[in-house]
Amino acid sequence: MKEIKVLGTGCANCRNTIALVEAVAKEKGVPFSLEKVEDMSAIIGYGVMSTPGVVIDGAVVHAGGVPSRSKVESWF
Amino acid sequence: MSAVSIETSSRSKLVHWLAGISVATVAWVVAYSQLTAFADWLVDVLGLSRQTRFGEALHFFFYDSPKVVLLLTGIVFVMGIVQTFFSPERTRALLSGKRQGVGNVLAASLGIVTPFCSCSAVPLFIGFLSAGVPLGVTFSFLISAPMVNEVALVLLFGMFGWKVAALYLGLGLLVAIIAGLVIGQLKMERHLEDWVQKILGGQAAHPAGETLSWVERFEAGGAHVKEIVGKVWPYILAGIALGAGIHGYVPEDFMASFMGRDVWWAVPAAVALGVPMYTNAAGIIPIVEALIGKGAALGTVLAFMMSVIALSAPEMIILRKALKPTLIATFAGVVATGILVVGYVFNMVL
């Protein structure tokens, strides 16, 4: 089970990122949980400076902008 | 898939990109050289004459819209690629531990090329501070990043030529550097919100050590075009339409009476007017061009433009999460003063 967190304060890019990650994860049939982290101090706690960021199983795998589809696919 | 076939497919992708970019460049140059002819032709086809007000306004619109869109698409693509070399993490690493002065200059310059979105202004701000970038240096970056951006520069270049673009670049950097120096000298660290001060206690930076291939960089350029041009084109068209209206219908020298260089209160009025307005450079510049055509002074109009872009109410609301009101007010005051000086200097020199 992958524990996915998308960090971001609700801008359009964050929503796009969530949709993309969700779609790819479903496509790959990997069981996952998805959480949206909007709290500023929590986001900064991950050391992310540019949102949206993506955290998988506690590790920051992406920060700044919507990740490319191929990058998202490589996470699963 | 074997390693060999992955390599072949990424090579063929690269060839595709390079071929596409070459074709697009040629098409771009041809289109750019035909702008006046295109506008003339379109006005002609519609059975209008440039002698009429409506015809002249329409000509302005048909000439400016494709010109701005072409310039913007080209530069945004190039900047999208350039920005893949400058992540906020790298910029922070370059700035951390730099002292006042050198640090401010570097921060303002890096603000031009580092990808920045006002929605992540707060995490960026705190990320910088926690890595040991001084407060004043961080502010230099934060002021320069939105104000001196490629969209503003390319539009100024397209509308007024390289001299005005260069002046805007130089003076924009100067405002960012000096405002950052002043804020640094005021030692306002205690005016950060308490939760921010706590975070600054202990914090490990996260290195984003990714190396990108050229295909990925080109893709980033393409994505940047889609994102920026896709977002700003309605503002541009609205701005050009308004500019066209001013161009066609407002009498010559009309603006000179209250936006001319002899009107001493015009610069502060322009700055005050710009703060509550929030648009990007793309929407404001066509209006600026039309105003100048009608006798408004360049300094006054540029001050207005800087104020609209650099001092926006929404950005201050975002920053309020991390800064106490005193610091926000100082930030706004220092930047506004800088813009005022720029406006007056421009009006005096030109």
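**Entry 1. Chain A, overall dimensions**

I began with the radius of gyration of chain A: a compact globule of 76 residues would have a value near 11 Å, and chain A has 11 Å, so the two agree. I note at the outset that this is a predicted model. I then looked up the box that the C-alpha atoms of chain A fill, and along the principal axes this box is roughly 30 × 20 × 15 Å. Of the 76 residues in chain A, 39% are buried. I also looked up the contacts in chain A between residues at least 6 apart in sequence, and 63% of them join residues at least 24 apart.

**Entry 2. Chain A, secondary structure**

I found three helices and four strands in chain A. Following the sequence, I read the pattern of chain A as β-α-β-α-β-β-α.

**Entry 3. The sheet of chain A**

In which order do the four strands of the open sheet stand? I recorded the order β2-β1-β3-β4 in chain A, and the pairing is mixed. The edges are held by β2 (32-37) and β4 of chain A; each has a single partner strand, and therefore one side of each is left without a neighbour in the sheet. From one strand to the next, the twist averages 20°.

As background, I note that the strands of a sheet pair through backbone hydrogen bonds, either parallel or antiparallel. I then examined one pair in particular. Strand β1 (residues 2-7) of chain A pairs with β2(A) in the parallel sense, over six bridges. Within this region I located A:Leu7, which stands opposite A:Val37 in β2(A).

**Entry 4. Chain B, overall dimensions**

The C-alpha atoms of chain B fill a box of roughly 70 × 65 × 30 Å along the principal axes. Buried residues account for 43% of the 350 residues in chain B. Where contacts in chain B join residues at least 6 apart in sequence, 87% of these contacts are between residues at least 24 apart.

**Entry 5. The domains of chain B**

I looked up how chain B is divided, and found domain 1 (7-83 + 217-244) and domain 2 (88-205 + 250-349). The C-alpha centres of domain 1 and domain 2 of chain B lie 27 Å apart. How many residues does the contact take from each domain? I recorded 18 residues from domain 1 of chain B and 17 residues from domain 2 of chain B.

On the side of domain 1 of chain B that touches domain 2 of chain B, α3 (53-83) and α11 (214-249) of chain B each supply at least two residues. The most is given by α3(B), with 10 residues. I sorted the residues of this side of domain 1 of chain B into 13 nonpolar, three polar and two charged.

**Entry 6. Where chain A meets chain B**

Finally, I examined the contact of the two chains, which takes 15 residues from chain A and 20 residues from chain B. On the side of chain A that touches chain B, α2 (40-45) and β4 (59-63) of chain A each supply at least two residues. Which element supplies the largest share of that side? I found that α2(A) does, with four residues. The residues of the side of chain A that touches chain B divide into eight nonpolar and seven polar, with no charged residues.

How values were computed. Residues numbered from 1 in each chain as written. Chains lettered and ligands numbered in written order. Predicted model: local features only at pLDDT ≥ 70, side-chain atom pairs only at ≥ 80, totals over all residues. Buried ≥ 20, exposed ≤ 12 C-beta atoms within 10 Å, placed from the backbone. Contact = placed C-beta atoms within 7 Å. Nonpolar A, V, L, I, M, F, W, Y, C, P; charged D, E, K, R; others polar. Pairing = 2+ DSSP bridges. Axes fitted to C-alpha atoms, helices over the stretch in contact; angles between N-to-C directions. Domains from an automatic or database assignment. Rg over C-alpha atoms; globule rule 2.2 N^0.38 Å.
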